[in-house]
Amino acid sequence: SYLRRASLSSQADIANAMSTPISTVVAYTNGTVVRQIKTCQDYLDSISAGFYPKDNLEQQATGSFVFRCYVLRDLQAAKQATSGNPYYWTSNSLSQLPPMLVVGGKDVQNAAEKAEQNGIHWMQYNPKLKVTSVDADRLEAEDENNYYTLNIVARGDFNGDGVEDVVVVGSAKGKQSTWSSDEYFIFTQSSTGNLARLTSDKDPYQLAAKIPN
């Protein structure tokens, strides 16, 4: 479980973990104000207040916060699942996921969001995508422009419906540039085995009030 990997004995330890400095320090800005982000609580408070990385280097350094902080936030209210089976990556997973880690401007993002709403999976949306490595908790893929890594970091019931959900941190890195992006997702399994997103598609990645069908 994530708690064991993070050296936490129980959910009661999460509050302390949220205020413990991460080895990486990043600078976030909001206009002329700059904040030094050292802990998960710093990070989540700053995101909620509209702060963002001040430059591309700070954006790259943000990955360690995305990887750790959202799952700690959501584990505080998570419960043991009472139904459903744990999800593990397979070579077929790209056909079970909605379009994600999409690179491009607002028009591209809107197109991906519409595709997700219409039930189009990631492989349909991006036919050039292919799996390059897969094990139970880590999947690597690429297309002509980017490398993608998907890490399952936790499992449990995160939205209170009793069904096993899966928590994923995804990363995209440009092949010909220094660009990178890290995103956070919670998915639930549909009756067909596909993964439906429970979280919003932008930080702070809040759990949706409505459970997908």
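Predicted model: local features only at pLDDT ≥ 70, side-chain atom pairs only at ≥ 80, totals over all residues.
Helix 3 contributes Cys 40, Tyr 43, Leu 44 and Ile 47 to the contact. From helix 5, the partners are Phe 65, Val 66, Arg 68, Cys 69, Tyr 70, Leu 72 and Arg 73. By class, this contact holds 9 nonpolar and 2 charged residues, with no polar ones. Helix 3 covers residues 40-48, and helix 5 covers residues 63-75. Their axes come within 10 Å and cross at roughly 85 degrees. Helix 3 is therefore roughly perpendicular to helix 5, since angles of 65 to 115 degrees fall in that class. An α-helix has 3.6 residues a turn, so residues three or four places apart point the same way.

A second salt bridge joins Lys 175 and Glu 142, with an N to O distance of 2.7 Å. Lys 175 lies in the loop between strand 7 (165-174) and strand 8 (180-189). Glu 142 belongs to strand 5 (residues 138-142). The pair therefore ties together parts that are 33 residues apart in sequence. The two partners fall into separate burial classes. Glu 142 has a relative accessible area of 19% and is buried, because the cut-off for that class is under 20%. Lys 175, at 24%, is partly exposed.

Lys 202 and Asp 201 form a further salt bridge, at 3.6 Å from N to O. Lys 202 counts as exposed, with 52% relative accessibility; the class begins over 50%. Asp 201 counts as partly exposed at 32%.

Helix 6 was examined for its length. It comprises 12 residues, 106-117. At 1.5 Å a residue, helix 6 should span 16 Å. Its end C-alpha atoms are 16 Å apart, which agrees with that expectation. Just after helix 6, the backbone at Gly 119 takes a positive phi of about 80 degrees.

Technical notes
Residues numbered from 1 in each chain as written. Heavy atoms only, no water. Axes fitted to C-alpha atoms, helices over the stretch in contact; angles between N-to-C directions. Helix = DSSP H or I, 4+ residues; strand = E, 2+ residues; numbered from the N terminus. Parallel < 35°, antiparallel > 145°, perpendicular 65-115°, else oblique. Contact = heavy atoms within 4.5 Å. Nonpolar A, V, L, I, M, F, W, Y, C, P; charged D, E, K, R; others polar. Expected span 1.5 Å × (residues − 1). Salt bridge = Lys/Arg side-chain N within 4 Å of Asp/Glu carboxyl O. Buried < 20%, exposed > 50% of the residue type's maximum accessible area, 1.4 Å probe, protein only.
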